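Please look over the structure below before reading on.

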Amino acid sequence: MTDIERWVEATAQVTRPDRIHWCDGSRDEYDGLVRSMLADGTLIAYDQNAYPGCYLHRSNPNDVARTEQLTFICTPKKDDAGPNNNWMAPAEAKERLGRLFEGSMQGRTMYVIPYLMGPAGSAYSKVGVELTDSPYVVANMHIMTRVGRVAMEHYAKTGQFVPGLHSLGDVSPDRRFIMHFPEENLVWSIGSGYGGNALLGKKCFALRLASSMARKEGWMAEHMLIIGMEDSSGKVTYMAAAFPSASGKTNLAMLVSTLASEGYKVWTVGDDIAWMYIDNQGRLRAVNPEAGFFGVAPGTSAQTNPIAMETIRRNTIYTNVAMTGDGKPWWEGMGVEPGPGVIDWQGRPWTPGNEKAAHPNSRFTAPASQCPTISPKWEDPEGVVISAIIFGSRRSVVVPLVYQSVSWQHGVFMGSSMGAETTAAATGAVGVVRRDPMAMLPFCGYNMADYFQHWLDMGKRMKHQPLIFRVNWFRKDADGKFLWPGYGDNIRVLKWILERVQGKGKAVESVLGFLPTPDAIDTEGLKLPAGAMQTLTAVDTEGWVKGTVEMDKFYSQFGDRLPKEIREEHAGLRKRLGA
Ligand code: OXD
Ligand code: MN
């Protein structure tokens with residue numbers, strides 16, 4: 001008996017499923033799951049001529065986003081989870097959830113999903129096995145990961161896997177928990193069918209557990225998209241960019257360049273997670289551990305992200321979007337009129353002007369291989385060499401369009417102090433500014449003070465450190481209008497970043513770091529409001545002084561554990577600001 005078989009058997013004795021199904025990841029298996037979900041109403045078919053292989057899932061209305069308040073890191077010592085995580089002692093977590101898992105799969109099938117995170121045959125890839133009683137989760141895992149033989153072959157070579165146990169339970173928020181046990185590399189999740197809570201390969205394994213493994217093993221697991229930027233010479237330079245959930249990572253990863261006539265083009269490697277390693281030449285390399293996109297639907301349109309629109313035209317599972325009268329998916333910001341007879345995300349007839357037809361965090365799950373701009377290197381076992389790291393978030397005020405750190409240490413400080421306006425990807429208030437270091441606040445599986453130290457240490461080990469940038473496409477004017485057009489025009493900012501990587505690109509050293517001169521960014525053909533570039537590249541001293549107070553509040557939670565380099569950088573910024 002293998003370790004996997006032993007664990008499956010022991011789990012089945014507790015959860016008591018009627019049947020156990022070992023997933024092989026085949027098309028037949030996927031089709032069979034879809035057929036049975038169509039039969040019991042878990043899925044609803046869209047018009048199969050217009051949207052072949054596309055289905056709608058309506059989740060329980062109480063289960064539509066990640067639930068950070070119910071997500072725990074269970075380390076023996078509370079301090080190892082840090083003030084950035086909810087903590088429960090492992091024994092208590094096991095006891096509480098053990099009771100909830102007791103008989104939780106009765107009357108259901110338990111699916112055993114062996115899956116690989118990362119490209120087949122890559123030394124950087126890792127195996128997970130998820131046990132779940134949700135066929136919707138299995139179908140999503142088919143798209144988001146590499147299920148079946150490829151995972152078992154990797155397991156045969158390494159003998160290692162990350163177990164993840166998931167049950168829908170009774171889908172009650174009162175009995176919903178997502179527990180991580182980093183000492184054992186184990187996840188237990190119950191009571192939710194929502195993506196980030198239930199597709200255990202994604203946030204639970206590839207970020208929370210992997211970040212903790214990465215620290216021990218000397219690599220990085222980050223909430224980052226990966227792109228290749230091609231210039232007019234045909235050379236492709238790879239960049240990784242961290243943005244909080246629902247802040248445009250998928251759009252940036254699939255950017256359609258408005259500078260295509262100058263030869264600038266973006267290739268998609270990944271849209272959410274990067275696993276990064278130092279190679280034997282001292283360069284940082286990244287792989288995308290996922291095989292699909294779990295993107296936010298509202299706001300996705302032929303204008304904002306035509307590549308995504310093409311990607312999700314077939315073989316896509318939509319969750320909590322609306323359905324038009326003629327059987328097509330629809331959401332707010334899709335850029336087309338839905339026509340009469342729309343059914344909203346909860347299955348009710350919808351009247352325009354009332355509540356939203358699609359839930360603000362409604363999603364699409366689509367295979368990465370269907371993306372027209374997917375990089376030829378997206379499954380390269382060696383990954384791609386990263387030349388620039390970008391930190392971005394929604395900030396309607398204060399933060400300039402782009403600036404560059406003066407050193408790796410300064411860049412780590414920039415990432416660690418990032419403020420972000422919250423979005424609908426997690427339950428709770430939307431639009432509130434919170435500190436979200438490296439966009440990892442909900443995903444760092446250990447004490448963030450140690451995470452900052454790990455970033456500092458990684459930089460010291462690299463012979464060729466990527467340059468570090470901060471971007472903000474979301475700056476608004478006094479009337480609440482965006483100052484920067486965003487989307488395809490973000491290529492203009494990427495172009496400056498590329499120029500800086502190449503040792504070019506006009507900049508001035510400011511208190512924040514290297515800011516582009518107002519004419520350094522190519523704005524030809526843009527109709528920007530008067531003075532926009534000046535505002536977008538200026539330092540709002542008063543705003544930044546206030547920001548440093550917020551940073552200090554955040555950092556003080558970590559006490560002496562906070563690396564002294566971060567304290568020094570923070571003090572240095574305050575001094576330069578004259579605070
Ligand atoms: C996601 C998220 O689903 O960050 O990727 O919430
Ligand atoms: Mn994400």
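In this predicted model, Trp455 touches Met220, Glu222, Met224, Ile389, Phe391, Trp408, Val412 and Met438, where a contact means heavy atoms within 4.5 Å and residues up to four places away in sequence are not counted. Because the model is predicted, local features need pLDDT of at least 70 and side-chain atom pairs count only at pLDDT 80 or more, whereas totals for chains, interfaces and linings use all residues; side-chain values use heavy atoms, with hydrogens and water left out. Residues are numbered from 1 along each chain as its sequence is written, while chains are lettered from A and ligands numbered from 1 in the order in which they are written.

A nonpolar core is here a set of buried Ala, Val, Leu, Ile, Met, Phe, Trp, Tyr and Cys residues joined through side-chain atoms within 4.5 Å, and buried means under 20% relative accessible area, with exposed over 50% and partly exposed in between, using a 1.4 Å probe and protein chains only. In soluble globular proteins, nonpolar side chains tend to be buried together.

Which residues coordinate the manganese ion (ligand 2)? The donors are Lys203 (NZ), His223 (NE2) and Asp272 (OD), at 2.1 to 2.2 Å; donors are N, O and S atoms within 2.8 Å of the metal (3.2 Å for Na, K and Ca), and water is not among the atoms, so sites may look incomplete. Along the sequence these donor residues are spaced K-x19-H-x48-D. Lys203, in helix H8 (residues 201-217), and Asp272, in the loop between strand E15 (265-270) and strand E16 (274-278), are 69 residues apart, and the pair links distant parts of the chain. Both Lys203 and Asp272 are buried.

Two packed helices are described by the angle between their axes and the distance between the axes. For H11 (residues 408-416) and H16 (residues 564-577), the axes come within 9 Å and cross at roughly 85°; axes are lines fitted to C-alpha atoms, for helices over the stretch in contact, and angles run from 0 to 180 degrees between N-to-C directions. H11 and H16 are therefore roughly perpendicular to each other, since angles of 65 to 115 degrees count as such, under 35 as roughly parallel, over 145 as roughly antiparallel and the rest as oblique. At their meeting, Gln409, His410, Val412, Phe413 and Ser416 in H11 face contacts with Glu565, Ile566, Glu568, Glu569, His570, Leu573 and Arg576 in H16.

Most residues other than glycine have a negative phi, and most peptide bonds are trans. Arg16, although not a glycine, has a positive phi of about 50°; Arg16 lies in the loop between H1 and strand E1 (19-22) and, at 36% relative accessibility, counts as partly exposed. Asn185 likewise has a positive phi, near 50°, in the loop between strand E10 (177-181) and strand E11 (186-190), and counts as partly exposed at 23% relative accessibility. Ala424, in the loop between strand E25 (419-421) and strand E26 (433-435), touches Ala65, Pro360, Asn361 and Val430, not counting residues up to four places away in sequence.

Terms used
Helix = DSSP H or I, 4+ residues; strand = E, 2+ residues; numbered from the N terminus.
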